[in-house]
Amino acid sequence: MGGDITRSHEWTALAKHHEELAGRHLRELFAEDPGRAGRMTLTAGDLLLDYSKHRVTSETVDLLVALAERAGLRERVEAMFRGDHINVSEDRAVLHVALRTPPGAALVVDGQDVTADVHEVLGRMSAFADRVRSREWRGATGQPITTVVNIGIGGSDLGPAMAYEALRDYADAGVQARFVSNIDPADITGNLAGLDPATTLFVISSKTFTTLETLTNAKVARDWLVGALGEDAVARHFVAVSTNAAKVAEFGIDTANMFGFWDWVGGRYSYDGAIGLSLMLAIGPERFREMLAGFHVIDEHFRSAPFAANMPVLLGLLGIWYSNFFGAETRAVLPYSQRLHRFPAYLQQLTMESNGKSVGADGEPVTAATGEIFWGEPGTNGQHAFYQLLHQGTRLVPADFIGFAEPFEDREGMHDLLNANLFAQTSALAFGRTAEEIAGEGTPAGLVPHKVMPGNRPTSTILAPKLTPFTLGQLVALYEHIVFVEGTVWGIDSFDQWGVELGKKMALDLAPALTAEEPPVAFPDPSTERLVRAYRELRGR
Ligand code: F6P
């Protein structure tokens, strides 16, 4: 749609409905409607979503779906899958869904057969991964590769790092992965510690191949390798993932060992393509393809399921409901899986770099809050840290609980205990405990108010059979499309990230002031000038 969605009839209807519903408690909603839990459960692929513990009724869902329709969501989904240039500020198609389209599907965008290109790169990645994993590809001294170090940042780090942690039990060929991202030298120093250059392969991952952190770390890695094995070893120990062949060659990596992607893949949407090379080297091409199949299942669901039964659509609309009508600022993501400990960090870039915008796609200021703040930690650790605020604090923090039925290992029934905690938490958050219930247990009167659990705290529960490549792909695609739904309703461009550029440029401009003999005369502001002077003094400069 064009225009301001907050002025639409659908938005106004939701605002009115919110006034009616805001005072109602989940206890009442459940008491009134015995079929609620069953009706508010749906599946997509292997994922089961229970959204009955949300502060919604069937009417809310209808009104939210009407809002999505008003925002032109259906047409916009098709525009994405068709390869229209929906990333308007960069005039690009947005086609991460093509990274997991099965071979043979016809998709020609801007004159290019996108599916064929994707499968050509996947084929090259697979052939390379097979060579490394079978020990045919060897380092310069003839030893096999046992460690892959991915050097990249943002989308060129968070995706493969998160997925490697999630799936490392599938690393079956004696190839482990490490991830270096930060310009803080501690990162590369720590990650190189204990490694043998002769058995280490560096994957330099950067869409642009101009990112300061990545190129600086790559140079340190190169010096480390050349110092041990000589200049000629670089070809056997460095490969690149990038869209920029010229810069890769300039760095000294043979472009025959470069795996490409395209400007229609955003960095934060890229780990299911060549940016996932380090993951593929560890878990193998077959498992990687199972992960892609998982992504694709949710893509199909997103594209075809009716909105009211469409998991990403519903979860995206619930994000709108809490952000724009309840005034919630954040959404907690709480995976009850230690292996998903990097999932919240991964989601932070995916969601916040995408939807942290204050002008619409048309360049006009937005008129409603955008960009939920995503954060979280795995359960049960979070329970002993910040859940107090979730249960009894003054802020409303909707939360996504994610659990898996089958464990990898189960010692002393620990896995069941883990999930008992998940289910208990969502129940306590929803239903709480009243003053009467607490007093009825013989609690001293003065303590009762402290022990009251208000409840009415909304949660989604997402349950999958087991954490596998297939289910991980489904989970990630789910959140990618949630971002899309929210961005569409807010009318913003979820696929650019202009806001990160200024800080990068200023850091480069400031760097000489920190190191040079004489500080420059022009500081950006008086506070920064004082800080830089204090820093130089501490550094004895
Ligand atoms: O800091 C912003 C950003 O451009 C991200 O969008 C991107 O994922 C990251 O930097 C890394 O970029 P590149 O892959 O080009 O090195």
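For Thr208, the side chain has an N or O atom 2.6 Å from a ligand oxygen. The ligand has 13 residues around it, and those that come nearest are Ser156, Ser206, Lys207, Thr208 and Thr211; a residue counts as near if one of its heavy atoms lies within 4 Å of the molecule or strand in question.

Some bookkeeping applies throughout. Residues are numbered from 1 along each chain as its sequence is written, and side-chain values use heavy atoms, with hydrogens and water left out. As the model is predicted, local features need pLDDT of at least 70 and side-chain atom pairs count only at pLDDT 80 or more, while totals for chains, interfaces and linings use all residues.

Moving to Thr6, this residue lies in the segment before helix H1 (9-21); helices (H or I, at least four residues) and strands (E, at least two) are DSSP runs, numbered from the N terminus. Thr6 counts as buried because its relative accessibility is 18%, the classes being buried under 20% relative accessible area, exposed over 50% and partly exposed in between (1.4 Å probe, protein chains only). The Thr6 side chain makes polar contacts with the side chains of Asp4 at 2.7 Å and Thr367 at 2.9 Å. Setting aside neighbours within four places in sequence, Thr6 is in contact (heavy atoms within 4.5 Å) with Trp11, Thr367 and Ala368.

Side chains of opposite charge can pair when their charged atoms come close. Taking a salt bridge as a side-chain nitrogen of Lys or Arg within 4 Å of a carboxyl oxygen of Asp or Glu, the count comes to 32. One of them joins Glu441 to Arg433, with the closest N and O atoms 2.0 Å apart; Glu441 is partly exposed at 47%, and Arg433 is partly exposed at 34%. Arg131 pairs with Glu136 at 3.1 Å, and Arg131 is partly exposed at 32%. Arg92 meets Glu90 at 3.7 Å, N to O, with Arg92 partly exposed at 24%. A network of salt bridges links Arg100, Asp272, Asp299 and Glu480.

Most residues other than glycine have a negative phi, and most peptide bonds are trans. The Gly379 to Thr380 bond, however, is cis, with omega near 10°, and Thr380 is in the loop between strand S11 (373-375) and helix H16 (387-392). Glu412 has a positive phi, near 55°, and belongs to the loop between strand S12 (399-406) and helix H17 (414-431); at 79% relative accessibility, Glu412 is exposed. Asn456, with phi near 65°, lies in the loop between helix H19 (448-451) and strand S13 (459-466), but at 10% relative accessibility Asn456 is buried.

Conventions
A polar contact is a pair of N or O atoms within 3.5 Å; within protein, one must be able to donate a hydrogen and the other to accept it, and residues adjacent in sequence count only if both atoms are side-chain atoms.
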